[in-house]
Amino acid sequence: DKVNVWFDTYLEDKAEESELFEDEGIEKFCADIGVDTQDVIVLGVSWKMSAETMCIYTRAEFMKGMEQMGTDSIEKLKAYLPALRAELEQPASFKKFYNYCFGFAKERDSKVLSHELSIGMWQLLLADKFSNLPMWIEFLEARPNKYPLSKDTWSLLYEFSKQIKGDLSNYDDDGAWPVLIDEFVEWAQQKK
């Protein structure tokens, strides 16, 4: 079948019957569809594949994703990308996608996402959605302990970015925000 053959073009060792491709294969895949590996759309494609681990696509994930996107070739996937970008702009889809990215980016058996990776993902995902992102990152970098982040903090940061004004004037201390977000607001208010 066409998608299987396409998948095989990304295997690093053609002789080996492999069920996944990694770094070099992913770079070639991105080059084929004309996107930078750092483009948020690569995460969107991974989301459509329900890929479990960053920098790895299994045959099953690839097959499922292409079927989901109605594509079976480089050309068709390229043509689908603008629709996927538009879908990621829809708030309900973006929220699902954003929450998917946490599980995708973390180490397979971990329940948390490293400090560094969280920041990198936020810069990719929230740059145009969270006006206080630079200050949030500055706050995290200024902390003596670079603790990994929980899924709870990850998902609530997005809610925070949607609900709380840039000047933080509508922030409620008694809201059900994670401690880290409370500390951020306190820190930001002292800075002003």
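In this predicted model, the axes of α3 and helix α4 (residues 59–69) come within 7 Å of each other and cross at roughly 100°. α3 is therefore roughly perpendicular to α4, since angles of 65 to 115 degrees fall in that class. On the α3 side, the contact is made by V45, K48 and M49, which meet E61, F62, K64, G65, M66, Q68 and M69 of α4. The residues of this contact divide into five nonpolar, two polar and three charged.

Helix α3, residues 40–49, also has a part in the largest pocket, where α3, α2 (23–32) and α7 (115–125) each supply at least two residues of the lining. About 380 Å³ of space lies in this pocket. Its lining comprises 17 residues, and those nearest the centre are T37, Q38, V42, M54 and C55. The helix that gives the most to the lining is α7, with four residues.

Here is how the two sets of residues divide by class:

Is H115 buried or exposed? H115 counts as buried because its relative accessibility is 10%, and buried means under 20%. Leaving aside residues up to four places away in sequence, H115 touches L140, E141, K146, Y147, P148 and L149.

How values were computed: Residues numbered from 1 in each chain as written. Predicted model: local features only at pLDDT ≥ 70, side-chain atom pairs only at ≥ 80, totals over all residues. Heavy atoms only, no water. 1 Å grid on protein atoms, 1.4 Å probe; cavity = no way out; pocket = protein on both sides within 12 Å on 5 of 7 lines; lining within 4 Å. Points joined across faces, edges and corners; volume = space filled by probe spheres on them. Buried < 20%, exposed > 50% of the residue type's maximum accessible area, 1.4 Å probe, protein only. Contact = heavy atoms within 4.5 Å. Axes fitted to C-alpha atoms, helices over the stretch in contact; angles between N-to-C directions. Parallel < 35°, antiparallel > 145°, perpendicular 65-115°, else oblique. Nonpolar A, V, L, I, M, F, W, Y, C, P; charged D, E, K, R; others polar.
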